[in-house]
Amino acid sequence: MSTTGANADPLAALGSLPGVADSVESVRKAVDRVYGHRIMRRRSAAITSEAALRGARGSAALSGADWALEEVRRRTDFGGDAEARAMGAALRLSAEAGQLLSVWRQSPLRVLARLHLVAAASKDEEVGRPRQAGETVDEPLIELPLPDAREVSGRLEGLADLIIAGSSAPALVTAAVVHGELLALRPFVSHNGLIARAAERIVLIGSGLDPKAICPAEVGHAELGRASYLAALEGYVSGTPEGMAAWIAHCGRAVELGARESTAVCEALQRGAA
């Protein structure tokens, strides 16, 4: 995404793309429905906890670890094969995201570095900083052209400037741009997909759209499927108005599906079945 030009608030400009306002309104209605559920008055903490678990499962599925929810609940060892490590990283990021809200608006790059440290759980020198020239990226499920380290640095700085400056754009638009930009850049040597989805969650929570973190977009992204996810991402990377609008709409649908998932959890709790 270009962050330069005459428009002082490029995120707000994206909100005027055809169809985006409808997506924003649809998301708001879906979020309001789950927040208005009667069980939220008594069991909101339980819904938040369950949403975090389901969100982590969904994010890991998009990174190649498509485990059943009960398997995620049952397992305690996430240090084995690549799938187990991806699931462990997703769970750690889900737990960490809520702790970084106060830092995000002042120093988003610091938050992103912290997310990579948490995901990688390693002391390797390339962990916790953007990749440098010559370093490779382990992100096999995203096969888009990889920007070089200089472009990554410039675009990360531009994204950070937008976040720090603030925007009148709807939360969905900002979250979708943060998510899409991090996937397009893949700024770290590993775990970029997990980090991008965690950053999207941080924006949705911190913006006030989903302050209790009960509408896990990661669930929706996984439900829509990897092929749909990658196709929408290609639209974002294209930079065309149609492609950008399609990516924002895709992210909006994911939030709606996350809200639907938590509504089902509310219903189950109300019946005494969970």
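Trainee: Which residue just after helix 3 takes a positive phi?
Mentor: This is a predicted model, in which local features need pLDDT of at least 70, side-chain atom pairs count only at pLDDT 80 or more, and totals for chains, interfaces and linings use all residues. Residues are numbered from 1 along each chain as its sequence is written, and side-chain values use heavy atoms, without hydrogens and water. Helices are DSSP runs (H or I, at least four residues), numbered from the N terminus. Just after helix 3, a positive phi of about 100° is taken by Gly64.

Trainee: What does helix 3 span between its end C-alpha atoms?
Mentor: Helix 3 covers residues 40-62. The expected span is 1.5 Å times one less than the number of residues, and a straight helix of 23 residues would span 33 Å. Helix 3 spans only 29 Å.

Trainee: Where does helix 3 bend?
Mentor: The bend at a residue is the angle between axes fitted to the seven residues ending there and the seven starting there. In helix 3 this angle is about 35°, at Ala46.

Trainee: At what angle do helix 3 and helix 11 pack?
Mentor: Axes are lines fitted to C-alpha atoms, for helices over the stretch in contact, and angles run from 0 to 180 degrees between N-to-C directions. The axes of helix 3 and helix 11 (residues 217-224) lie 7 Å apart, and the angle is about 40°.

Trainee: Is helix 3 parallel or oblique to helix 11?
Mentor: Angles under 35 degrees count as roughly parallel, over 145 as roughly antiparallel, 65 to 115 as roughly perpendicular and the rest as oblique. Helix 3 is therefore, relative to helix 11, oblique.

Trainee: Which residues in helix 11 meet helix 3?
Mentor: Contact means heavy atoms within 4.5 Å. Helix 3 contributes Arg54, Gly55, Arg57, Gly58, Ser59, Ala61 and Leu62. Their partners in helix 11 are Glu218, Val219, His221 and Ala222.

Trainee: How do helix 8 and helix 9 run relative to each other, parallel or antiparallel?
Mentor: The axes of helix 8 (residues 149-165) and helix 9 (residues 171-185) come within 11 Å and cross at roughly 170°. Helix 8 and helix 9 are therefore roughly antiparallel.

Trainee: How far apart are the axes of helix 9 and helix 10?
Mentor: Helix 10 covers residues 192-206. Helix 9 packs on helix 10 at an angle of about 165°, with an axis separation of 8 Å.

Terms used
Helix = DSSP H or I, 4+ residues; strand = E, 2+ residues; numbered from the N terminus.
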